[in-house]
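Thanks for coming, everyone. Please bring the structure up on your screens, and I will walk you through it.

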Amino acid sequence: MRVPMRWFSLFLLAGTWTSVGSVACVRPVTAPPPTHTDVPASSVPADPFASGEARARTPIEAPPSVHGPAVLVQHATVMTATGKRYSPGFVLMENERIAAVGEGDGPAVKEGTVVVDAHGRFVTPGLIDPHSHMGVYPVPNTDGHNDGNELTDPVTAGLRAEHSFWPQDPSLERAVAGGVTTLGVLPGSGNLIGGRGVVMHLAPHLGARAMRFPGAPEILKMACGENPKRVYRELKRAPTTRMGNLRAVREAFLRAQKYARDWDDWTRKQRQPPEADGKKKGEDKPPDRDLALETLALVLRGDILVEWHCYQADDMLTALEIADEFGFKVRAFHHALEAYKIRDVLAHKGVAVATWDDWWGFKMEAYDGIPENLALVTEAGGRAVVHSDSELAVQILNQAAAKALAAGRIAGVKLDDDDALRWLTANPAWVLGIDDQVGTLEAGKRADVVVWSESPFSTYARAELVYIDGQKVFDRAHVGAPWSDFELGVRAMPSRQETK
Amino acid sequence: MRRAFRLPGLGTLLAALLAAPAGRAEEPPAVAIVHARVYVPGDHPPLEDGTVLLAGGKVLAVGTGLAIPANARTIDARGKVVTAGFIDAGTQVGVVEIDGERASDDTHAHTPITPGLRMMDAYNPRSVVVPITRAGGVTSVVVAPSQGMLGGQSTFVDLAGDSVAEAVVKSSLAQHAHVDDRTVESTTGTRGGLWFELREALQDARFYAAHRAAYDANGVRQLSLHREDLEALVPVVRGEQPLVVWAERASDIETALRLADELKLKLVLAGAGEAWMVADEIARHKVPVIIDPLEDLPSRFDRLHARSDNAALLSRAGVHVVLSTFAGQQARLLWQRAGNAVRLGMDHDEAIRAVTEAPADAFGLKGYGRLERGAVGNVVVWSGDPLEASTHVEHVFIRGREESLETRQTLLLQRYRTLPFVHDGSR
């Protein structure tokens with residue numbers, strides 16, 4: 001669906017990585033801000049944002065020009081995350097996309113197609129972890145790469161995690177070996193508004209920008225509760241309390257409202273016909289660009305998705321009240337250990353819950369976590385998502401879903417394996433605004449595919465083959481030199497290949 | 001060998017036990033868990049259709065085709081699995097409620113050299129973490145100081161009992177020395193300096209042990225530690241109490257082995273991310289190694305060679321491998337650590353031993369970690385393979401008594417199982 005274009009969407013459309021489609025898929029959750037006046041796209045003048053934003057998204061690295069052969073995975077149990085399961089089933093990947101998926105052996109094999117006999121194996125979409133700090137808090141933990149939290153101001157909305165992301169982080173390869181193909185990489189939670197996150201597609205590149213997931217919308221990391229107030233209490237400045245947190249957030253959005261209004265006014269003036277005295281439009285200087293306010297104004301317009309770190313039920317309710325006050329939507333609460341207490345509200349509001357399977361107790365606001373959280377949110381009709389927030393847990397995301405599935409079933413929640421698979425694929429794809437591209441095994445979607453040794457809901461399951469855009473990025477049978485330059489000559493004998 | 005698990009003279013023993021006087025009413029009732037797959041000690045494969053008899057707080061018998069005492073409570077465990085209660089050899093259970101709240105965190109002293117510190121004195125058997133851990137099939141834990149060059153003495157507890165006295169099995173189990181990057185920073189600032197200080201402390205303890213009278217008469221040279229700390233190290237330097245060295249880097253592990261040779265210490269290694277690189281050396285020294293098999297990242301400079309198959313490689317080299325969560329609140333997930341060790345190449349039954357017999361043997365805990373006659377009645381009934389994610393714990397017995405699986409978390413679930421929750425005191 002094509003949506004009315006506004007000045008803010010202009011530069012999204014101008015960006016290399018975006019399309020009308022990705023903007024459209026973001027829109028429906030976002031109420032138009034009340035101050036806005038729709039105008040035909042053609043009458044909007046060029047503005048300094050458009051070229052600036054486009055340049056802020058264009059990688060200097062050339063995209064790969066060679067595409068590998070088509071791949072047909074057959075004789076497997078194919079779990080699609082659409083509610084359909086094919087056993088035996090096949091997946092055909094061609095030109096970066098899933099060409100076909102279904103029951104049986106698949107279409108006649110064309111010359112040059114690589115055929116993978118996955119008898120006894122399970123096939124799923126690539127897993128998506130919407131909450132990661134890999135790359136911005138890489139391993140090893142060093143002062144030199146401590147780039148995840150800009151703890152100099154509680155509101156740093158103008159930052160981009162992309163600019164801290166170290167593509168040589170050795171943990172990235174291990175995540176892929178766990179079947180993960182896409183990450184939402186976020187700034188840390190030390191700030192109330194930490195900055196823009198970035199959706200990363202996990203094929204190795206030398207620069208961060210080239211790893212951006214094509215067409216993914218921008219996302220914003222926010223944090224409520226303990227972390228920001230703890231950080232700034234130590235720094236002896238505001239905020240040091242929850243009320244201090246909320247004041248700072250409201251003030252930031254008040255400024256963003258004014259900023260958006262100033263740009264709207266200027267834009268409207270540009271569209272007016274020349275005055276009777278012959279004064280031409282466009283002579284007023286545009287307002288100064290402000291990276292932080294620009295980001296927040298885009299949130300108000302619904303063009304940037306809000307990913308809000310929040311644990312307690314009361315903190316989430318307060319956050320939703322603030323969002324309503326300013327007219328923006330929360331895409332997902334992250335961590336959200338008490339989501340089960342307000343799952344009806346979250347389902348009604350269409351806010352996703354990205355959380356762990358059973359973490360709890362590491363701080364006061366995490367004290368009420370229970371293993372049934374994901375199941376209960378699902379039962380209430382909410383959108384539940386497994387996230388890791390950890391370079392260790394990301395390697396066994398599938399086990400997290402398996403444990404939450406088991407906990408839910410014991411509690412009497414009716415869940416099938418596809419529900420749990422959606423916690424790992426389709427639902428996080430929605431959280432990151434890329435559900436039109438990945439998250440299910442359907443013809444036309446990007447060919448992000450994992451072949452598992454057994455059901456991904458077994459502790460013993462290992463990802464054997466991982467494809468991103470139809471290209472094999474991991475093959476357990478042929479683990480070669482490490483991706484990361486850092487690990488060259490470090491991870492020594494015996495062979496890097498894990499023990500069988 | 002199967003007959004080994006039958007109990008000769010069972011009838012006599014049973015009669016004696018069951019005829020116990022009424023005055024012992026506090027003793028748990030006899031229990032027969034029948035038709036289960038039962039994991040028995042050693043390399044023996046699990047018994048199929050096995051029976052485990054509990055009475056008087058102990059394992060009375062384990063075997064197939066055993067006679068069931070008439071008054072025993074019978075649990076039909078067909079299709080289910082019975083193991084000894086899991087033992088986590090490196091936890092902070094009961095010494096931290098909420099990590100982020102310092103007031104509830106008693107995991108370590110805030111100075112690096114406190115060998116006299118006893119974790120028993122901090123252990124809280126009423127912690128909400130205790131029932132949560134137990135509900136994960138863990139019946140006993142080593143509660144160890146989480147930091148410190150000589151961080152203090154761990155304690156070994158059963159996750160039951162209404163008092164410290166009841167819970168504690170061995171008050172002073174082992175001394176714990178952390179020699180990782182963090183400890184280096186909090187002590188001398190260099191690795192060599194840390195080992196120097198550690199060696200000096202142990203040698204001073206040796207000297208002290210040999211010159212106690214002179215020490216008390218103020219007749220000895222100045223020593224690096226206070227009397228209480230020296231006293232605490234005496235069993236260590238006599239080789240009676242294990243010294244658990246928490247080291248990651250292979251070279252630190254080598255240094256620990258050297259030091260143990262030199263001072264004749266009873267060494268246990270923990271952490272040990274790079275242990276696989278010196279596996280043969282560790283095996284030769286017959287030193288047990290406690291590891292978390294999910295810790296596979298080069299997260300610090302002292303574990304750049306960390307690998308996901310550390311457990312499998314060590315086990316294959318003949319090292320005595322113990323698996324642990326190294327956790328407080330999440331020690332309940334010991335089964336998952338063992339399961340992942342299997343995923344990453346370790347033998348399945350060996351992984352089960354690595355959370356039952358192996359920790360017990362590493363610390364000389366007689367009667368623990370084994371389902372055999374006379375063992376402590378710490379037994380878990382699992383709905384299936386204990387290491388599978390879809391399995392849940394059905395029964396936990398500690399010292400022969402069934403423990404409730406209710407936790408603060410199950411109460412929260414109950415309270416919010418249906419919405420809206422209105423507080424009227426009913427749930």
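One thing before we start. This is a predicted model.

Chain B first. Chain B has 14 helices and 18 strands. Its C-alpha atoms fill a box of roughly 70 × 60 × 50 Å along the principal axes. How does its radius of gyration fit a compact globule? For 427 residues, such a globule would come out near 22 Å; chain B has 23 Å, so the two agree. Of those 427 residues, 56% count as buried. Now take the contacts in chain B with a separation of 6 or more. Residues 24 or more positions apart account for 70% of them.

Next, the cores. The largest nonpolar core has 146 residues. Those with the most contacts inside it are A:Val73, A:Val91, A:Val123, A:Phe333, A:Val353 and A:Ala401. There is also a second, separate core, of 132 residues. Among its members are B:Ile33, B:Val278, B:Leu334 and B:Phe397.

Stay with A:Val73 for a moment. Which residues does A:Val73 touch, leaving aside neighbours within four places in sequence? They are A:Phe90, A:Val91, A:Val116, A:Ala118, A:Val123, A:Val449 and A:Val451.

That brings us to strand β1 of chain A, residues 71-79. This strand is mostly covered, with eight of its nine residues buried. Look at its partners.

- β2(A), residues 85-94, runs antiparallel to β1(A), and six bridges join the two. A:Met79 stands opposite A:Arg85 there.
- β4(A), residues 114-117, pairs with β1(A) in the parallel sense, over four bridges. A:Gln74 has A:Asp117 as its bridge partner.
- β5(A), residues 122-125, is also parallel to β1(A), with two bridges.

Now the backbone details. In the hairpin of β1(A) and β2(A), five residues sit between the strands. One residue in that hairpin, A:Ala81, takes a positive phi near 65 degrees. A:His75, in strand β1 of chain A, has a positive phi of about 70 degrees, although it is not a glycine. Is A:His75 buried or exposed? A:His75 has 20 C-beta neighbours inside 10 Å, so it counts as buried.

Compare A:Lys236. Its phi is also positive, near 55 degrees. A:Lys236 lies in the loop between α5 and α6 of chain A. With 7 other C-beta atoms within 10 Å, A:Lys236 is exposed.

The loop between α5 and α6 also holds A:Pro239. A cis peptide bond joins A:Ala238 to A:Pro239, with omega about 0 degrees. Another cis bond runs from A:Ser87 to A:Pro88, with omega near 0 degrees. A:Pro88 is in strand β2 of chain A.

A quick stop at helix α12 of chain A, residues 417-424. Six of its eight residues are buried, so the rest of the structure largely encloses this helix. The buried ones include A:Leu421 and A:Trp423.

Last, the two chains together. How many residues are in contact? On chain A there are 39, and on chain B there are 35. On the chain A side, α4, α9 and α11 each give two or more residues. The largest share, five residues, comes from α11(A). By class, that side has 19 nonpolar, seven polar and 13 charged residues.

That is the tour. Thank you.

Technical notes:
Residues numbered from 1 in each chain as written. Chains lettered and ligands numbered in written order. Predicted model: local features only at pLDDT ≥ 70, side-chain atom pairs only at ≥ 80, totals over all residues. Core = buried A, V, L, I, M, F, W, Y, C linked by C-beta atoms within 7 Å. Buried ≥ 20, exposed ≤ 12 C-beta atoms within 10 Å, placed from the backbone. Contact = placed C-beta atoms within 7 Å. Nonpolar A, V, L, I, M, F, W, Y, C, P; charged D, E, K, R; others polar. Pairing = 2+ DSSP bridges. Rg over C-alpha atoms; globule rule 2.2 N^0.38 Å.
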